[in-house]
Amino acid sequence: MSGTLSNRGPAAVNAEATAIGIYTRKVTIHIERRWHIFRRQKGDYVTYGNMRIRFDVNKKGQTQNVRVLSSDANPIMADFTLSAILGAKVDPMPAEVVRELALANGLLEITYDVIIY
């Protein structure tokens, strides 16, 4: 799954109308809400920047294995972006999602682009 989070326009995620797609959207909604709160709080320090991040969600709904794939964001933007991902309070995966991910070690991998312009 992949998505985009930006300070302009609605966020977008490439999610199908499947159990995994629906759950992925719930995960990204939680992250987006926290990210926008942090962005407003740190508004004086936010500058133009981009980040590409990959992370996993386990069956308990916890984010883990966060990896920054690329970034030209300032350290404050990077910090609140990672905080939004790691601190997201997500519901546990529905049983159907767990079954579908059984072959993928039970982890849902999400790649996200964060854009400030």
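A residue is called buried under 20% relative accessible area, exposed over 50% and partly exposed in between, using a 1.4 Å probe and protein chains only. The model described here is predicted, so local features need pLDDT of at least 70 and side-chain atom pairs count only at pLDDT 80 or more, while totals for chains, interfaces and linings use all residues. Residues are numbered from 1 along each chain as its sequence is written, and side-chain values use heavy atoms, with hydrogens and water left out.

We can start with the salt bridges, each defined by a side-chain nitrogen of Lys or Arg within 4 Å of a carboxyl oxygen of Asp or Glu. The whole structure holds 5 of them. In one, Arg-52 pairs with Asp-113, with the closest N and O atoms 2.7 Å apart. Since Arg-52 belongs to strand E3 and Asp-113 to strand E5, the pair ties together parts 61 residues apart in sequence; strands here are DSSP runs (E, at least two residues) and helices likewise (H or I, at least four), numbered from the N terminus. Arg-52 is partly exposed at 31% relative accessibility, as is Asp-113 at 22%.

Asp-56 is buried, with a relative accessible area of 8%, whereas Arg-67 is partly exposed at 29%. Through shared partners, salt bridges join Arg-54, Asp-56, Arg-67 and Glu-109 into one network.
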